[in-house]
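Colleague: I'm new to this one. Can you walk me through it?

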Amino acid sequence: MSDSGTSETGPSESPHPGGALRDRWRETLLVVRGGAAGPDPVPYADNLLDRWAEPQRRYHTTAHLAQVLDRVDTLAGHASDPELVRLAVWFHDAVYRPDRSENEERSAALAERALPEAGVPDAATAEVARLVRLTVTHDPADGDTNGEVLCDADLAILASAPKEYAAYAAQVREEYGFVPDDAFREGRSSVLRQLLELPRLFRTPHGAREWEPRARQNLTTELELLSR
């Protein structure tokens, strides 16, 4: 389970610090296998957790992974297959280099290699990879309930309380620390405007009801601060 430019680990001989997350991975993988035999889930979890803990990350960390998984739990009743959405969460930023534009594609390709090896059926693997690629645009088609849950869960940080949102924005800036201030303000402002121009940020009923208003307020506030 390797990818050029990212870490590669083998089976852990000692407990991994992400024990609770590792347990969640194991439970999800075993459900998706449907009782079929397969290799030990633990080395796959540890490999992914090591990726999520790489030093270039400030926001896209194991904390983000845990938060998105929690939000999928909140939205699970809307998904046609929430376990596959959970697998997609694990992979959606598994390859993350802020100076590269192909992170989602490389993350999806990683899922396509790792999941069959881990005992996941081909159709389930294809759905996970499709969902990971969907995070390029966060624009699922109407009726794509798995995609709606993944995208809403990933974007839910936009609807956090002001202090948490400010911390998120600061972490994003740290990840792009190699970008000069003027260029970052221009690029980030463009992203915020594109989000605000969308007819809706969230597609699930819960997201539209509970997260949309605050998310738009947070985005507007950040855009105003960047314009000063």
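Colleague: What does the accessible surface of the protein come to, and how much of it belongs to carbon and sulfur atoms?

Modeller: The accessible surface is about 10,700 Å². Carbon and sulfur atoms hold 52% of that. Keep in mind that this is a predicted model.

Colleague: How many helices and strands are there?

Modeller: The protein has 10 helices and 0 strands. Along the sequence the pattern reads α-α-α-α-α-α-α-α-α-α. The radius of gyration is 18 Å, close to the 17 Å that the globule rule gives for 228 residues, so the protein is as compact as a globular protein of that length.

Colleague: What box do the C-alpha atoms fill?

Modeller: Roughly 55 × 40 × 25 Å, along the principal axes.

Colleague: And how many of the residues count as buried?

Modeller: 50% of the 228 residues. On contacts, take those with a separation of 6 or more: 67% of them are between residues 24 or more positions apart.

Colleague: What about charges? How far apart are the mean positions of the positive and negative ones?

Modeller: They are 4 Å apart. The protein has 26 positive and 39 negative charges.

Colleague: You mentioned W90. Is W90 buried or exposed?

Modeller: W90 has a relative accessible area of 0%, so it counts as buried. The residue lies in helix α4.

Colleague: Which residues does W90 touch?

Modeller: Not counting residues up to four places away in sequence, W90 touches L21, R22, W25, A45, L48, L49, W52, L65 and L69. W90 also forms one aromatic cluster with W25 and F91.

Colleague: How far is W90 from S107?

Modeller: They are 17 residues apart in sequence. In space they are 9.6 Å apart, C-alpha to C-alpha.

Colleague: Where is S107 placed?

Modeller: S107 is in helix α5, residues 103-117. Its relative accessibility is 0%, so S107 counts as buried.

Colleague: What is S107 in contact with?

Modeller: Leaving aside neighbours within four places in sequence, the contacts of S107 are F91, H92, D93, A94, V95 and V132.

Colleague: Is Y176 buried, exposed or partly exposed?

Modeller: Y176 is partly exposed, with a relative accessible area of 27%.

Colleague: What about F202 and W211?

Modeller: F202 and W211 form an edge-to-face pair. The distance is 5.6 Å centre to centre, with 65° between the planes. Both F202 and W211 are buried.

Colleague: Change of topic: α7. Why is α7 called largely enclosed?

Modeller: Because 10 of the 11 residues of α7 are buried. They include N146, E148, C151, D152 and L155.

Colleague: What do the buried residues of α7 pack against?

Modeller: They pack against α3, α4, α6 and α10 (205-226).

Colleague: What does Q56 contact?

Modeller: Leaving aside neighbours within four places in sequence, Q56 is in contact with Y96, R97, P98 and E175. Take P98: Q56 and P98 are 42 residues apart in sequence, and 8.0 Å apart in space, C-alpha to C-alpha.

Notes
Residues are numbered from 1 along each chain as its sequence is written. This is a predicted model: local features need pLDDT of at least 70, side-chain atom pairs count only at pLDDT 80 or more; totals for chains, interfaces and linings use all residues. Side-chain values use heavy atoms; hydrogens and water are left out. Helices (H or I, at least four residues) and strands (E, at least two) are DSSP runs, numbered from the N terminus. The radius of gyration is taken over C-alpha atoms; the globule rule is 2.2 Å times the number of residues to the power 0.38. Buried means under 20% relative accessible area, exposed over 50%, partly exposed in between (1.4 Å probe, protein chains only). Contact means heavy atoms within 4.5 Å. Accessible areas come from the Shrake-Rupley method with a 1.4 Å probe; for residues, only the protein chains shown count as cover. Lys and Arg count as positive and Asp and Glu as negative; His and the chain ends are not counted. The place of a charge is taken as NZ of Lys, CZ of Arg, CG of Asp or CD of Glu. Rings of Phe, Tyr and Trp (its six-membered ring) pair if their centres lie within 6.5 Å; planes under 30 degrees apart count as stacked, over 60 as edge-to-face and the rest as tilted.
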